[in-house]
Amino acid sequence: MRGIGGERLARLQENAANIRNICILAHVDHGKTTLADTLISSNGIISSRMAGKLRYMDSRKDEQLRGITMKSSAISLHYNKDDQDYLINLIDSPGHVDFSSEVSTATRLCDGALIVVDVVEGVCPQTHVVLRQAWLEHITPCLVLNKIDRLISELKYTPLEAHLRLQQVLEQVNAVVGNLFASGVLEQATQKNAEKSSQPSDSQGSESNGEKILYDWSDGLEETDDSNLYFSPDQGNVIFASAIDGWGFGIDHFADMYATKLGVKVEILRKTLWGDFFLNSKTKRIMKGAQVKGKKPMFVQFILENLWSVYDTVLVKRDKDKMQKIIGSLNLKIPARDLRHNDCRVHLQAICGQWLPLSEALLAMVCQKLPSPLDINLERIEKLMCGGFRRFDTLPQQSQQLKSAFERCISGDDAPVIVYVSKMFAVENLNLPKNKPKPLSDEELQKRHQEAKERHALKVANQMSNTAEEPNPDIIKVDPSQNGIPLQDVHVNKPPEEKEEDGDTFLAFARVFSGRIRKGQKLLVLGPKHDPMTALLKGDGASHSCGEGIFSGRSISEFVVNDLYLLMGRELELMDSVPAGNVLGIGGLEGHVLKSATVSSTVACPAFTTMTFDAAPIVRVAVEPKHLADMPALVNGMKLLNQSDPCVEVLIQETGEHVIVAAGEVHLERCLDDLRERFAKIEIKVSEPIVPFRETIIIPPKIDMVNEAIDDINQVQRTRSAMSELESEISKDGSLTIKTANKLSTFKLRALPLPEEVTKLLDENTELIKILDRISAAWLAGKTSEEQGGEKLTAEALAKLLEFRDDLETAFANAGKKWRGAVDRIWSFGPKHCGPNLLLNRIDGYDRPTIWQCLGGDEGDVSRDCAAPRVFDNSVVSGFQIATFSGPLCEEPMMGVCFAIENWLIEESTESNKFTFPADKDVNNRINNGVETQDTVPRQSENVAIPVRNVDSTSNIMPELSSPGLAKSFASDCSSPLIGSPDVNSELMPHFTSRGYGPLSGQIISTVKEGCRIAFQIRPQRLMAAMYKCDIQATADVLGRMYGVVSRRHGNIQREEMREGSAVFDITATLPVAESFGFAEEIRKKTSGSASPQLFFSHWEVVPSDPFWEPSTEEELLHFGDKADYENQSRKYMNGVRRRKGLYVEKKTVEHAEKQRTLTRNK
Ligand SMILES: Nc1nc2c(ncn2[C@@H]2O[C@H](COP(=O)(O)OP(=O)(O)OP(=O)(O)O)[C@@H](O)[C@H]2O)c(=O)[nH]1
Ligand SMILES: [Mg+2]
């Protein structure tokens, strides 16, 4: 290996105080990999001439081809400063929005980050994202203002203008940090307040009695110290650089230099070289107010002007004499080879690279300003070990004790081993060190030489003696007596079998947080569901058999550490052991870890908090092999692909389609390339992208397609009569009455569009709703959620839930009178018990416990005196869940729909025995128990509640069923516990098991489902399209062409701003995901490459046109023609999805078929 050698790096790994784990983060193309090249060249791994050209960390072919990084990769570097040896574990990350999951996996392993910003482009969308990522992971950032050379040679700024621009960019970055800080402080304040209010304290007793406590939200902001938070050159955490030209500097460099020249103290210069200070040439004093007085700031006078003059001399004037003078005055030694070069850029790089070496400036800042693993922040440890709403002090004692090992980063033999694997990555077997030719020692060389000689002698002897028998040319016979080579027939001409070197090995990209990981050591892999409390109660990890991976569904498995690697960019170096504080690659985890995991020597270690991914996978395609026989290879390849990428999802739909879900078009392309060339190695066919839609209803529109007012306000939309075989009736006011097949139960329900604000709230709080649903289900079953294996509701979660409820209440109140009291009438959320649709209980006299009741009072006991849920309550919920999971338009999930059940009757089979719940409590109780009435209602509900829980347990499975095609299996899953439990359905309720129609619970499920669908269809239905937010930077001359592309694809321009002092426009637009394929490419082509958009998923938007619209009024007929051959956008989307799913598509057949008849054939 080039560089300083693996052994020396291994020694450096032992001194945690001198280790820095850092990553480079930025928006796409801001120069991360070029910067990494400069750092790598400082270690002699690549030559300084090639730095910036090679992009060493982009080791994949497609990365080099496209010029963007797609995978984050690590390299270990050595740096010596003030006689101290430092080890820098550097991770280069991608900036493209499609690969932002790779940024998450990188930040998780680091303690510090270099945030790179292109000074011409300024703060871009991904800059926000990476700053937030660094903030969330509690890692310390430093700033690199890169591409300053562009201000000189491209924008032709004067030093003064450049200074202004640099100030602007710095302010922009600090504004983002400021926002993050403020939101962080406010969140903490909320948390503290929530904790305070949950602790009954004497002093607050009087306040909390009846009165609502008012919090002073600004409190925290004023108290918290934010002085060290911002980037500021005088603090030493900002570097000004041009990565491509290899130079960079911090203020310190010039402060030291000018301190002696000007005779001013270094400390003063450090504070005044950046900012509004100038040097009064007469008094030789540094003064404030350069801008007001029209003076040159010191930064311009002492730094930028010098730089500008070097560029001017070398690049513009090409004045060799002056260049020699500059070299002389700066005391540089430029090799003659560089000076002779024809390209003046080489001269510039040689001069600037020696005058202001970028790697030196960067590495010095990294070592001084960024923390070592020993300085790990306590808050970070707690956040890593205990995520979500769980509090660190609720962990078992043994787990809490691990914190100190973590904090001290100890690597002794008795220290617990804690390793976090943030992703798995594939390495070609050929590139593994064991398969690479090793340099031979002198002894080995001699031995080989001897062996070759002997073999040759033997061959000659054989030829001489063996004249009678003609040897087979394909077979080489080797004498076993010679040199220990076994006798074997080697068929030279036959194709070689698959060698061990072919294929890939998966390694874990990991960091040791505590202890020392050794080759051959047995460790535990802790899956995300691992709970130290239960594991400790069960006993230690002895029961976990080796080789049983998390794929077996267990949360703990044991594995033997196979190989340990030092990550050196494209190369790997074998290690025997790695101490705490280092980033490394681990072999042997392939069968144990799918994407990420915690590895430890003790079960007391909790599973680390899952990483936050900003880009959700949204683009899906179905793949199939070109030759059917290759199917197994495809399935295997997809498995490998899934493991090799933190963000991709692979699934097999019920229809048998193999689907890949990726974060964006570029990501998808990379996944398909990997599948073709690396993991499956077969030819594949890829379907058109499958785009998700949502189905919704809207308030009846008041104008038609030609902007004429619609007279009939109570429009009840046409429904297809064939839709349901159940008896149903639609009333004029839009409500629907529907009966079960056996006519024993009748529902009156209605579908309403939810207010937009409510839908948004529901959509944003999925996690909270999941928690609420779990706790509510447990509460209804009369158990605490812990008994159900759920988590204890922390004060923070409770506060958040109450806040969510308040927000919902306000949103409903804002939406008008008809929503009054809706919050307390929520029956369920759907689909999957957590979606953005509501089931409301509007049944008079049915006082079902509200979903919020589980939150009030201690363990909810106080409020348990309300009516128990009716029997079959749960079947209604199941029906609603199925209905919302796939709507009638094209079987896509619903969004923003509220189903209000207004009446629910259950009749006995004989007319005389008619009854309505809950009026007849006796019957109700009898149904619940199958025995005579008991006194306590809550207990009685338990019999019913057990199946309720069963149903709910399927909701744990549901999140994985992301394919709409699985709706059917979901339906059967949900209903099975109820239908199949004889004690509830047939024995206990003999009068409800009906003749020929199946149990009533099943009938209710299908009736409610059918009812919801019809109620939905009698409203004006619309599709909702997934929308991308799209940021484009374009110059004025290509603006028109760019707008053309956006509008042709049904995009909307949201914002257009001209960037100060330049001809560049920042444009923000929204674009339907369905129209986005090839968008980036088209924009690039149309604008000759000068504009390139960044797309990221933003929200769901209603497609304005009605998918079923046909011209009906005279004006519409006039305008659109009576054939309606104009297909609207919404119908196009709907039919596209229906066609793909094999559903019926209403087609307009050709009206005058004779025109198309082939006359000759029909004669
Ligand atoms: N003018 C100028 N160009 C630069 C500088 N640094 C990098 N570049 C160019 O910017 C382009 C992108 O550089 P990369 O280093 O690949 O950028 P990146 O941030 O790694 O990009 P991704 O990994 O795709 O996010 C390349 O063409 C570089 O040559 C610089 O300081 N000045
Ligand atoms: Mg890069």
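A salt bridge is taken here as a side-chain nitrogen of Lys or Arg within 4 Å of a carboxyl oxygen of Asp or Glu. The structure shown is a predicted model, and by this rule it holds 43 salt bridges. Arginine 55 and aspartate 58 form one of them, with their closest N and O atoms 2.6 Å apart. Both partners are covered by the protein: arginine 55 counts as buried because its relative accessibility is 15%, and aspartate 58 counts as buried because its relative accessibility is 1%.

A second salt bridge brings together the side chains of glutamate 902 and arginine 750, at 2.7 Å from N to O. This pair ties distant parts of the chain to each other, since glutamate 902 belongs to strand β32 (residues 897–906) and arginine 750 to strand β29 (residues 745–753), 152 residues apart. Arginine 750 has a relative accessibility of 14% and therefore counts as buried.

The side chains of glutamate 1081 and arginine 1084 meet in a salt bridge of 3.6 Å, N to O. Both residues lie in helix α34 (residues 1079–1086), three residues apart, which is about one turn of the helix. An α-helix has 3.6 residues a turn, so residues three or four places apart point the same way. Glutamate 1081 counts as partly exposed because its relative accessibility is 43%, and arginine 1084 also counts as partly exposed, at 31%. Elsewhere, salt bridges that share partners join Arg60, Asp62, Asp645, Arg670 and Asp674 into one network.

Glu757, Glu803, Asp806 and Asp807 form a negative surface patch. Helix α26 (residues 795–814) gives the most to this negative patch, with three residues. Glutamate 757, another member of the patch, lies in helix α24 (residues 756–764). The relative accessibility of glutamate 757 is 43%, so this residue counts as partly exposed.

The next features concern the backbone. Helix α13 (residues 298–317) has a kink of about 40°, centred on leucine 304. Just after α13, arginine 318 takes a positive phi of about 50°. Most residues other than glycine have a negative phi, and most peptide bonds are trans. Against that background, two further residues deserve attention. Aspartate 29, which is not a glycine, has a positive phi of about 70°; aspartate 29 lies in the loop between β1 (19–26) and α2 (32–41). Histidine 1050 likewise has a positive phi, near 60°, and is placed in the loop between α33 (1039–1048) and β34 (1052–1058). With a relative accessibility of 37%, histidine 1050 counts as partly exposed.

From glycine 830 to proline 831 the bond is cis, with omega near -5°. Proline 831 lies in the loop between β30 (826–830) and β31 (837–841).

Tyrosine 157 is found in the loop between α6 (148–153) and α7 (159–198). The C-alpha atoms of tyrosine 157 and tryptophan 308 are 9.6 Å apart, although 151 residues separate them along the chain. Tyrosine 157 is buried because its relative accessible area is 14%, below the cut-off of 20%.

Leucine 430 occupies the loop between β10 (418–428) and α20 (442–465). Its C-alpha atom is 8.2 Å from that of glycine 503, which is 73 residues away along the chain. Leucine 430 counts as partly exposed because its relative accessibility is 45%.

Lysine 529 has its place in the loop between β15 (522–526) and α21 (532–538). Lysine 529 and alanine 607 are 78 residues apart in sequence, while their C-alpha atoms are 7.3 Å apart in space. With a relative accessible area of 70%, lysine 529 is exposed, since exposed means over 50%.

How values were computed: Residues numbered from 1 in each chain as written. Chains lettered and ligands numbered in written order. Predicted model: local features only at pLDDT ≥ 70, side-chain atom pairs only at ≥ 80, totals over all residues. Heavy atoms only, no water. Patch = residues over 30% accessible without salt bridge, like charges linked within 9 Å, V, L, I, M, F, W, Y side chains within 5 Å. Areas by Shrake-Rupley, 256 points an atom, 1.4 Å probe, with all protein chains shown as cover. Lys, Arg positive; Asp, Glu negative; His and termini not counted. Charge placed at Lys NZ, Arg CZ, Asp CG, Glu CD. Helix = DSSP H or I, 4+ residues; strand = E, 2+ residues; numbered from the N terminus. Buried < 20%, exposed > 50% of the residue type's maximum accessible area, 1.4 Å probe, protein only. Bend = angle between axes of the 7 residues up to and from the residue.
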